[in-house]
Amino acid sequence: MTNTWRSFAYDCLSERELDSRGRALTNLFFIVVIAIAVAAAVLTTLPSLTPFQHAALQRCTEVATAIFVVEYLLRIWIAPESDPRGSINPWPSRWAYLSSFLGVIDLIVIAPRVLDPFLPVSPDAANIAALLALLKTARYASSLPLVAAVFRNEGRSLLAGLMVLLVLLVLVSGVMYMLERDAQPTTFASIPHTMWWGIVTMATVGYGDMTPVTPLGKIFGGFVMLLGIAMFAVPAGILATGFANEVRKRDFVVTWHTVAKVPLFAALDATRIAGIARLLKTQIVPAHQVIVRRGEPADAMFFIMSGEVQVDLQPTPVRLGTGQYFGEIALIRETLRTATVMTLRECQLLVLDAKDFRELTSQHPDLKEAIARVAAERLQQRTSEPPPQEG
C-alpha cells in the first residue's frame, strides 16, 4: 500500500511529462500557492499597511510555507520512484533530489520560516527566500528550463564574451581616468572609481553622475559608447542562436517520438525515423476546418497524430483517426484531389510535402510499397461505390 500511495504522489508531483487530471490539478494548486507566497512577500513591504492587513499577509505566508514544507517532505519521500533501483536503496535518489537545483531552492524557501522559532531570521531574509519561490515555477513552465539549457549549452561562448567585456572595461576605465583626473579629481578619483563610468557607458545607460568634461574625454566617451553597443550585441547574438538551436532540437525530439508512434514507421530503426522526422512539418488544424478540397492540386500527404477527420466519400463518408494518414493516393497517381477532407475535432498533423514524399519514397522503397499497398486497397474499396473518390 505504501508503494501504491508513493507512486500516486509521484505521478502528481513528478516533473516528467504526464497527461493526467491529478498532475494538472497539482500544478495549478502549487502555482496558486507560489503566487500567494510571492504576493504576500511583496505587499508586506508597503509602509501604508494597517496592522490587520499585515497580519492577514503573515497568515498567508504561514499557510504557504506549511504547504511548501509538506511538498518538500513529499518530494524526499517519492524520490526513489524516479529510479528503478530506488526500491533497493532509496537514499541515493533522495540525495539526488536534495542536492539538485530545485531541491536546494525548495529548502531555501522554507528555511527562514522553519528556523525562525529557534533562530531568529531577519524579515528581509525571509522576504528574499519567499521571492525565490518564483524559481519553483520551473517545474511547471517549460520556458525556465529552456533558459537554463541555453545558458548551459552556450556557457563557454558567453564566458568568452564576458572576458572580452571585462578586459575592455578595465582598459577604457584606465584611459578615461588619465584623461579626466586633472579636470575632475573628485569624480574620477581612481581607476576603480572610473569603472562605474565604464560600466554605464559601455552599457549605454548613461546615468549622468559621472561625465567627461575635457574635449578628449568627450571624444573617447563617444567612442566607448559605440564600442559598447557592438560588444553587447555579441552575447545577445549568442543567446539568440542558442535559443533557436535549443527550440529546434526539442521540436525535433518531439517530432521523432511522434513519428515513431505512426504504425507505418513503427518497424523502422532510429536512424531512419530521424531522417523522416526532418522532412515532416507539424500543423495544428481547428475543428470543422477543411484540410484538402476536391479539385485542388495534390501538394502533400498528412499523418494524424491526434484528433479525427472525415473524408467526403459517397455514399458513406469515412472517418480517420490517430495513427492513420490520407492524401497519398493523389501523390502516387499524380492527380488532383478527388475528395474533401475536414476535421471533426482539433487535429495535430504531420505534413509531408510532395517533393519530400518523392524523396522519401525514393530513399525507402519498402515505405513506398507499403503506402502503395494501402492506396490500392482504398481504391479497390471505392470502385464498388461509384463515383470513385480519393481519401
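Q: In this predicted model, are Phe 302 and Phe 326 buried or exposed?
A: A residue is called buried when its relative accessible area is under 20%, and in this predicted model Phe 302 is buried, and so is Phe 326.

Q: How many aromatic pairs does the structure hold, and how do I read the geometry of one of them?
A: The structure holds 7 aromatic pairs. The angle between the ring planes decides the label, because planes over 60 degrees apart count as edge-to-face and planes under 30 degrees apart as stacked. Among them are Phe 29 and Phe 30, whose ring centres are 5.4 Å apart and whose planes stand at 70 degrees, so this pair is edge-to-face. As for accessibility, Phe 29 counts as partly exposed at 42%, whereas Phe 30 is buried, with a relative accessible area of 7%. Phe 302 and Phe 326, in turn, form a stacked pair, with 5.2 Å from centre to centre and 20 degrees between the planes.

Q: Which parts of the chain does the pair of Phe 302 and Phe 326 link?
A: This pair links distant parts of the chain, since Phe 302 belongs to strand S3 and Phe 326 to strand S6 (residues 325–326), 24 residues apart.

Q: How do strands pair in a sheet, and which strands pair with S8?
A: In general, the strands of a sheet pair through backbone hydrogen bonds, and they may do so either parallel or antiparallel. Here, strand S1 (residues 281–285) pairs with S8 in the antiparallel sense over 5 bridges, and within S8 the bridge partner of Gln 283 is Leu 349. Strand S3 (residues 300–306) is also joined to S8, by 6 bridges and again antiparallel, with Phe 303 standing opposite Leu 350 in S8.

Q: In what order do the 4 strands of the open sheet lie, and which are the edge strands?
A: The order is S2-S7-S4-S5, with antiparallel pairing, and the edge strands are strand S2 (290–292) and strand S5 (318–320), each of which pairs on one side only. From one strand to the next, the twist averages 30 degrees. Within this sheet, strand S4 (residues 309–311) pairs with S5 over 3 bridges, and Val 311 has Val 318 as its bridge partner in S5.

Q: Where do Arg 94 and Lys 136 lie?
A: Arg 94 lies over the face of Trp 91, at 4.8 Å from the ring centre, while Lys 136 lies over the face of Phe 68, at 4.8 Å from the ring centre.

Note on methods:
Residues are numbered from 1 along each chain as its sequence is written. This is a predicted model: local features need pLDDT of at least 70, side-chain atom pairs count only at pLDDT 80 or more; totals for chains, interfaces and linings use all residues. Side-chain values use heavy atoms; hydrogens and water are left out. Two strands pair if DSSP finds at least two bridges between them. Helices (H or I, at least four residues) and strands (E, at least two) are DSSP runs, numbered from the N terminus. Rings of Phe, Tyr and Trp (its six-membered ring) pair if their centres lie within 6.5 Å; planes under 30 degrees apart count as stacked, over 60 as edge-to-face and the rest as tilted. Buried means under 20% relative accessible area, exposed over 50%, partly exposed in between (1.4 Å probe, protein chains only). A charge sits over a ring if NZ of Lys or CZ of Arg is within 6 Å of the ring centre and within 35 degrees of the ring normal. Axes are lines fitted to C-alpha atoms, for helices over the stretch in contact, and angles run from 0 to 180 degrees between N-to-C directions.
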